[in-house]
Amino acid sequence: ILSSALRREAGRRKPGGSIGRLAVGLVWLNSAQLSSGAMPPSPAVFSDFLSNREINNPFQGLPRVEKMIGRKIVARIGSNECIEQDPEAHPLGSLVSKEILDLCRLYPDPYATSIRTKLGALTGGTPVEEIITDTGADSLISLALRMRVTPGDAVITTAGTYPTFSYFAAGAGASIHEVAYLSRIDTEGGEELIPDLAGIADAAHAAGAG
């Protein structure tokens with residue numbers, strides 16, 4: 001997948017470590033990686049609405065707050081999370097165990113810090129800041145496009161790729177350019193389709209995508 005801005009000349013960088021493969025194979029390639037010439041990596045360029053403003057999360061989640069204040073929060077007195085001292089007094093107390101009740105009533109960490117930390121260890125020490133988790137492939141594709149695409153940007157993809165990619169790209173206001181697969185004979189004499197990397201690079205240059 002190659003995506004970059006029509007209105008500005010900028011490269012894209014491939015995610016560090018092996019996390020690009022871990023995140024449902026969603027890998028961003030810049031034109032230098034698709035051509036024979038080696039070029040130094042360029043910094044990632046984000047969509048205009050992210051680059052031109054500072055966005056602060058009003059609900060940081062307790063793990064993030066604990067990290068900021070440097071100590072453990074031992075009491076949750078918010079009305080949505082608070083329960084009686086006796087779990088059986090809760091409407092669900094007679095139906096589920098106290099452990100399950102705790103899981104039901106507590107807001108999860110919106111940054112998935114624990115999961116991302118474990119993924120970092122599994123991928124050879126990838127920094128947590130470079131790892132994104134979400135509910136599945138569709139969510140990750142949509143999030144990646146929202147981060148990178150400003151309406152009018154060119155998005156180059158293979159024809160017949162994961163169908164919701166073009167759906168989310170269109171929703172982000174992208175100009176979609178599809179490149180047909182190449183056909184070749186495999187080792188068993190059958191036909192197989194492979195991505196046309198040179199064609200993708202040519203389409204990117206033709207669209208002014210960097």
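Colleague: Ala154, Ile156 and Thr158 point one way from strand β2; which residues point the other way?
Modeller: This is a predicted model, in which local features need pLDDT of at least 70 and side-chain atom pairs count only at pLDDT 80 or more, while totals for chains, interfaces and linings use all residues. Residues are numbered from 1 along each chain as its sequence is written, and side-chain values use heavy atoms, with hydrogens and water left out. Strands here are DSSP runs of E with at least two residues, and helices are runs of H or I with at least four, both numbered from the N terminus. With Ala154, Ile156 and Thr158 on one side of β2, the residues that point the other way are Val155 and Thr157.

Colleague: What relative accessibility does Thr157 of β2 have?
Modeller: Thr157, which lies in strand β2, touches Phe165, Ser166, Ile176, His177, Glu178 and Val179, not counting residues up to four places away in sequence; a contact means heavy atoms within 4.5 Å. Thr157 and Ile200 are 43 residues apart in sequence and 7.2 Å apart in space, C-alpha to C-alpha. Thr157 counts as buried because its relative accessibility is 2%.

Colleague: Which residue of β3 stands opposite Thr158?
Modeller: Strand β3 (residues 175-179) pairs with β2 in the parallel sense over five bridges, where two strands pair if DSSP finds at least two bridges between them. The two strands and helix α8 (residues 163-171) make a right-handed β-α-β unit, right-handed meaning that, with the strands pointing away from the viewer, the path from the first strand over the helix to the second runs clockwise. Within β3, the residue opposite Thr158 is Val179.

Colleague: How far is the C-alpha atom of Ala198 from that of Val179?
Modeller: Ala198 has its place in helix α9 (residues 197-206), and it counts as partly exposed because its relative accessible area is 47%. Along the chain Ala198 and Val179 are 19 residues apart, and their C-alpha atoms are separated by 10.0 Å.

Colleague: Which residue's backbone nitrogen does the side chain of Thr150 reach?
Modeller: Thr150 lies in the loop between α7 (137-148) and β2 (154-158), and it counts as buried because its relative accessibility is 7%. The side chain of Thr150 comes to 2.7 Å from a backbone nitrogen, which belongs to Asp48.

Colleague: Which side chain meets that of Arg184 in a salt bridge?
Modeller: The structure holds one salt bridge, a term for a side-chain nitrogen of Lys or Arg within 4 Å of a carboxyl oxygen of Asp or Glu. Side chains of opposite charge can pair when their charged atoms come close. Arg184 is partly exposed because its relative accessibility is 44%, and Glu192 is likewise partly exposed because its relative accessible area is 27%. At 2.6 Å from N to O, the partner of Arg184 is Glu192.

Colleague: Which residue takes a positive phi in the hairpin of β4 and β5?
Modeller: Strands β4 (residues 182-185) and β5 (residues 191-194) run antiparallel and are joined by four bridges, with Arg184 standing opposite Glu192 in β5. The hairpin has five residues between the strands, and the positive phi, near 85°, is taken by Gly189.

Colleague: What phi does Ala112 have?
Modeller: Ala112 lies in the loop between α5 (98-105) and α6 (113-122), and it is buried because its relative accessible area is 16%. Although Ala112 is not a glycine, its phi is positive, at about 45°.

Colleague: What share of the residues in the chain is buried?
Modeller: The chain has nine helices and five strands. Among its contacts between residues at least 6 apart in sequence, 51% join residues at least 24 apart. Of the 210 residues in the chain, the buried share is 29%.

Definitions and conventions
Buried < 20%, exposed > 50% of the residue type's maximum accessible area, 1.4 Å probe, protein only. Polar contact = N/O pair within 3.5 Å; in protein donor to acceptor, adjacent residues only side chain to side chain.
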